Every structure is written in structure tokens, then in C-alpha cells.
Amino acid sequence: MARGKQPGKAQRAPKVHRAVVTRTVDDFEAAFWPDEQPVDNAVVMTMGALHEGHAALIRAARKQVGRDGRVAVTVFVNPLQFGAGEDLERYPRALDEDVRLAEANGADVVFAPSVDEVYPNGEPQVRLAAGPMGARYEGATRPGHFDGVLTVVAKLLHITDPDFAFFGEKDAQQLAIVRRMVADLDFDVEVVGVPTTREEDGLALSSRNRYLSAEERTRALALSEALFAGRDAAARGPKAVREAAGAVLDAAEGVDLDYLALIDPHDFTEAPDDFQGEAVLAVAAKVGATRLIDNVHVICR
């Protein structure tokens, strides 16, 4: 008899996921809640162009809700979070590939609505405001960006009505602001952050990496190298973190730095030199025409 099998006990076959693709709210609701059976459910919100980082989110969601829970993946390129001159039109769209990746990693339903389905009356006149947290760093570079993010996240939370919503820690400011929105406005959902997925050489996975040439990709490694250098210096305090990370970026070629900041994660303000505890070391820069962001958590002592 094979090891691990007991006589008289049937072996439970693994659940096979076949993701249902839905385009309307009505179709999504029918697919995601096919019966009244109470089970845990989770949502992973994306703008498509899925990669291994998104796969990690979906797998984490599946693990959280278990074999019999339900996992939804939304695929929607939200126009409200793109500013003038940003890459809305050239943002990669590959729904068939996205569905295959979502399905392979445990999604039950993919919700891929049109802009008209999400905003049936045109651009919403009433939107959520991200407040002071949304005006710093990414918000300073991209005014109104987080207002657009929160508006669509709130709508998708109402539509999907999940117990858990999974977001990547790579977008640290977005994660912090979504958590604040959920707390301040009493959304009945638990927001779960999932660590950044990286290539073997340290580059953070991003849908925008596909825009990089081979040479630009090599130059982009300076971002993660700077963050790792800062993290390694954290035992000497915030000033040492900034100096170590800054030295790597100062020596980098072809990297147009937007900001390098050591941030208090509670309110996304700059951590003072006497700060102690967990902080976010964040960087944003252009490499060629492509703007990249990355961050790591550091413990300052």
C-alpha cells in the first residue's frame, strides 16, 4: 500500500479551477455568488498585464479562503488614476493571457468590465479624496492619482463585496491609503498586503518592465540595489539608511531620480533622523522613458 493512504478512505481530489470571465456587474454577481452557501471570499484588484507578482497575490488569496472559498480577480485599466501625458493608451492589455494566469493560480472569476460598465454616467462627479497622504511622493508627482485609485477601489469593493482584499506591498503608498480608507470609512473588509515579488537579480516585477530595453533593465537594477544598501544600514539609524541608498543612486547612470525617501508608514511622512521602528524606504525614478517605483521595509534602531 502506498505511503500515506489508509484503507477504506477515499482520497479527496484537488479542486480544479476554471475561471469564469465576466464583463458586467450582473454576470459577475451570478458567477461569484452562485448559491447562498456562506464561504470566505477574496478579491485581487489589477489593471491587467498580469505577471508573477499578481500570481503571488492570487495564490495568497486562495490560501486565505481555502479550497472551498471564492477568489475574484478584477482586470480594469482605470482612467481616473492616469494624469495628462501618462501612459493610459499604451498601458499593456492582454486579457486572454491574464485569464490563463489567474485561472492557473486559483481564481474562480475574472471581472473585466468596460469603462462604461464601471462609470455608466461618464466620469464620476463625486470622487473619494486621498487627503494629505495622497498628496505626498507619488501623489505629488501624479496629482489626483490616488483620488482615482480610491474611487475605483471603493466601487470594486462594493461590487465584489469580499471578506479579504489583497494588494501588493510594491505599491506601498497605495496600500497604506487603501487601508486608511477602509478604516476611516468603515468598509467591512480586511486588507492584506503581500510582499514584493522580485527577479533573481532583485528587480521588482512590474507591468512596466516590458517597456525597458536590455540596457535600461540593467540600469534599473540600481533602484533595488540602493534599497538593499539602505536596508543593510538600518541598524545605524535613518541618516545612515538615506546615505547608503543615496550613494548607490548617485553612482548610477541613466537613472533620473524622482525621490528617495524614508517614510513613516502610518501617515506617509518623512521619518526624522531620530526615528525608530519599521519604516518604508521608497524610490521612484525614470529609466529611459519608463517610470519605476520600488520600496523595502527597514527597521531603524
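Predicted model: local features only at pLDDT ≥ 70, side-chain atom pairs only at ≥ 80, totals over all residues.
Student: Which residues of helix H3 are buried?

Tutor: Helix H3 spans residues 95-104. A residue counts as buried when its relative accessible area is under 20%. Within H3, the buried residues are Asp-98, Val-99, Leu-101 and Ala-102.

Student: Within what arc do the buried residues of H3 fall, seen down its axis?

Tutor: The residues concerned are Asp-98, Val-99, Leu-101 and Ala-102. They line one face of the helix, because seen down the axis of H3 they fall within an arc of 165°.

Student: Which strands and which helix are included in what covers the buried residues of H3?

Tutor: The cover includes elements from several parts of the chain, given here by residue range: 20-22, 52-65, 70-75 and 109-111. In that order, they are strand S1, helix H2, strand S3 and strand S4.

Student: Is Asp-161 buried, partly exposed or exposed?

Tutor: Asp-161 lies in the loop between helix H6 (145-160) and strand S5 (164-168). Although not a glycine, Asp-161 has a positive phi of about 50°. Its relative accessibility is 49%, so Asp-161 counts as partly exposed.

Student: Is Phe-268 buried or exposed?

Tutor: Phe-268 belongs to the loop between strand S7 (256-264) and strand S8 (269-270). Phe-268 also has a positive phi, near 55°, in a residue other than glycine. Its relative accessibility is 3%, so Phe-268 counts as buried.

Terms used. Residues numbered from 1 in each chain as written. Heavy atoms only, no water. Buried < 20%, exposed > 50% of the residue type's maximum accessible area, 1.4 Å probe, protein only. Helix = DSSP H or I, 4+ residues; strand = E, 2+ residues; numbered from the N terminus. Arc of directions from axis to C-beta. Contact = heavy atoms within 4.5 Å.
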